[in-house]
Amino acid sequence: MANIYRCAECGVDLNLSAAHLYPPDVYFEAGNKGSISFSWVDDSKLRFVKEDRIRPFFETRNYWGIHRKRTRLLCDSCGGLLGHLYDDGPPMMTGHGQLGFGPSQAIPRAPRYRFKIKALNTSSS
């Protein structure tokens, strides 16, 4: 039996697959509390809105910044906020990044679609 993930506001099927779900114990810089993360989504079910703010923010106790760039994930049907798109997924390359540095923003990373659990209704098919 597969899970069906629906928008909590309008009930539309978001076509999210458990096959693309990151394991719940995987650590991400942008955190994972109260959310579930996918490596792939159906673009036709979502609206993507760039968010670019300059103000202090904290993702975790050890990760903070001034300039936040992320993308909001909105339900294409009702416009409700479902979560955010981050670029802190697994590295898209092996080896060391630019200038021999270890894992950092110099290494391209896979996208991570982070959905708020309270923004989704889950049912079994």
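**Cysteines and a strand pair in a predicted model**

Cys-7 is buried, with a relative accessible area of 1%, in a model that is predicted. Cys-7 takes part in no disulfide, although the sulfur of Cys-78, which is the nearest cysteine sulfur, lies 3.7 Å away. Because a disulfide requires two cysteine sulfur atoms within 2.5 Å, a separation of 3.7 Å between the sulfur of Cys-75 and the closest cysteine sulfur, that of Cys-10, is likewise too far for a bond. Cys-75 is also buried, and its relative accessible area is 0%. By this distance rule, the count of disulfides comes to zero.

Strand 5, which covers residues 81-86, is mostly covered, since five of its six residues are buried. Strand 5 pairs with strand 6, formed by residues 112-116, in the antiparallel sense, and four bridges connect the two. Within this pairing, Tyr-86 has Arg-112 of strand 6 as its bridge partner. In a regular strand, the side chains alternate between the two faces of the sheet.

Strand 6 also contains Arg-114, whose side chain is joined to that of Ser-35 by a polar contact of 3.0 Å. The relative accessibility of Arg-114 is 15%, and because the term buried applies under 20% relative accessible area, Arg-114 counts as buried.

Notes:
Residues numbered from 1 in each chain as written. Predicted model: local features only at pLDDT ≥ 70, side-chain atom pairs only at ≥ 80, totals over all residues. Heavy atoms only, no water. Buried < 20%, exposed > 50% of the residue type's maximum accessible area, 1.4 Å probe, protein only. Pairing = 2+ DSSP bridges. Polar contact = N/O pair within 3.5 Å; in protein donor to acceptor, adjacent residues only side chain to side chain.
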